[in-house]
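Please keep the sequence and the model at hand while reading.

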Amino acid sequence: MKKIVVAAFAFVVLTSVLASFNSTKVERYDNAGSLSEKIETHIKRYIENDDYQGAVLIAKDGKILFSKAYGMADREQKIENTTKTPFLIGSLTKSFVAVTVMQLVETGTLDLHAPIRTYIPELKEELGKELTLHILLKHQSGLAQHLERITNFEDKDVSAKEIIDIINTSSLSFTPSSQYQYSNLNYTLSAIAIEKVTGKSYAQVLQEKTFTPLGMSLSGVERKSNYLQNRAKGYRKGTFGIKNDENIVSYALGSGDIFSTVEDLYQWDQALYNNKLLTEKSKALLFDGESYELGSYGYGFRIMDYQRGKGNTKNGILMRHGGTMNGFMSNLHRYSNDKLTVIILGNMRTFPIRKMTRELKEIALNIKPEDRINAKLE
């Protein structure tokens, strides 16, 4: 009799534990409440499970569905994040560089297929003789993946010339255009090419061609000599608690040195649905993912399929890029067939940002977890 009681008690305890575990499982979308309430409830689970802090904006058909910030921009000073808080956006910077290159291609200032040494003669011939902006923007160069793999960083601003000197100490790992390998150096050289042909810093060019025309007043390029005091601080959660953690962004010239807000990024995203920044011809190149074997990468965007809502038998086309760096994570997903945009910025590493983005998209399109047909689809 005692054994039966003990077994029954154990079963009740186990059932209770499993129920508790399932109740906190992030993918369980709430059926009740408005769309905004469902999104809010879902994000709060990431806050509870992963200490997420940052800002989220979701828009559809040119209208903002949801925009809210969470947690602290500065934990030491107890300053909260807002939707106007600037965050470092990491590799999402590459999308901006690609758009700027295409703007200069449209004016005939840059040529996608000219040898890169046409614009950067200081780049040693062994590296640059077969490289073009097209190859760089597509991540098909064979250059080292990260600058820190070929040098030690110093706590200072570095110039474009210093970066070229560092790159010149490296070698290619494969014949250009023969394969795909993501490399920050591709976009650093693209940004330097922008500077060479305009005679201005690429930060100035971005300001003139993108930030000012679109009213992105809280966006810019960071340097130690140009540090925005009110931007969010970056943090990392580790075994011994939460600590401040940030990169020296001057080494990420053109590959990870932009700061922005969810509201500014939304203005930029919407401009890519019209011709404010680029012509349709240029955008076609920007969003040409080529092939899976070559990374499904356009110019500054990865191009993927995504599952649409009920009643749509064909997948949609997703244009996306994210960024991960010390203390920060970012994601901008453009679900183009539904004109749905999900923007997530965070100043705490790490949290499952891709999963969070996909789930918020599914809530916005009324796709339940059990309706998901392919785990690989975004």
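Ala 55 is a residue of strand β1, which covers residues 54–60. The model in which it is placed is a predicted one. With a relative accessible area of 1%, Ala 55 is buried, since buried means under 20% relative accessible area.

Which residues does Ala 55 touch, not counting residues up to four places away in sequence? They are Lys 68, Ala 69, Thr 82, Phe 87, Val 262, Ile 343, Ile 344 and Leu 345. Asp 111, by contrast, lies 37 Å from Ala 55 in space, C-alpha to C-alpha, and the two are 56 residues apart in sequence.

## The sheet of six strands

Strand β1 belongs to an open sheet of 6 strands, whose order is β2-β1-β13-β12-β11-β10 and whose pairing is antiparallel. The edges are held by β2 (63–70) and β10 (302–306); each has a single partner strand, so one side of each lacks a neighbour in the sheet. From one strand to the next, the twist averages 15°.

Within this sheet, strand β12 (residues 328–335) and strand β13 (residues 340–346) run antiparallel and are joined by 7 bridges. One of the bridge pairs links Asn 331 to Ile 344 in β13. Ile 344 is also among the residues touched by Ala 55.

Helix α11 (residues 353–364) lies across β1, β10, β11 (316–325), β12 and β13, and it runs at about 35° to β12.

## The sheet of three strands

A further open sheet consists of 3 strands in the order β8-β7-β14, with mixed pairing. Here β8 (241–244) and β14 (348–349) are the edge strands; each has a single partner strand, and one side of each is therefore without a neighbour in the sheet.

How many bridges pair β7 with β8? There are 4, and the pairing is in the antiparallel sense. Gly 238 has Gly 241 in β8 as its bridge partner, and a hairpin of 2 residues joins β7 to β8. On the other hand, strand β7 (residues 235–238) and β14 run parallel, joined by 2 bridges. Arg 236 finds its bridge partner in β14, namely Arg 349.

## The packing of α3 and α8

Two packed helices are described by the angle between their axes and the distance between the axes. For helix α3 (residues 93–106) and helix α8 (residues 202–211), the angle is about 75° and the axes are 11 Å apart. The two helices are therefore roughly perpendicular to each other, because angles of 65 to 115 degrees are counted in this way.

On the α3 side, the contact is made by Thr 93, Phe 96, Val 97, Thr 100, Gln 103 and Leu 104; on the α8 side, by Tyr 202, Val 205, Leu 206, Lys 209, Thr 210 and Phe 211. The residues of this contact comprise 7 nonpolar, 4 polar and 1 charged.

## The nonpolar cores

In soluble globular proteins, nonpolar side chains tend to be buried together. The largest nonpolar core in this model has 79 residues, of which Trp 268 and Leu 286 touch the most other members. Leaving aside its neighbours within four places in sequence, Trp 268 is in contact with Ser 95, Phe 96, Val 99, Thr 210, Leu 214, Met 216, Leu 277, Phe 301 and Leu 332. Phe 96 and Thr 210 in this list also take part in the contact of α3 with α8.

## Backbone features in the loops

Asp 51 is in the loop between α2 and β1, and His 139 is in the loop between α5 (133–137) and α6 (160–167).

A cis peptide bond leads from Arg 349 to Thr 350, with omega near -5°. Thr 350 is situated in the loop between β14 and α11, while Arg 349 is the β14 residue that bridges to Arg 236.

How values were computed:
Residues numbered from 1 in each chain as written. Predicted model: local features only at pLDDT ≥ 70, side-chain atom pairs only at ≥ 80, totals over all residues. Heavy atoms only, no water. Axes fitted to C-alpha atoms, helices over the stretch in contact; angles between N-to-C directions. Parallel < 35°, antiparallel > 145°, perpendicular 65-115°, else oblique. Contact = heavy atoms within 4.5 Å. Nonpolar A, V, L, I, M, F, W, Y, C, P; charged D, E, K, R; others polar. Pairing = 2+ DSSP bridges. Core = buried A, V, L, I, M, F, W, Y, C linked by side-chain atoms within 4.5 Å. Buried < 20%, exposed > 50% of the residue type's maximum accessible area, 1.4 Å probe, protein only.
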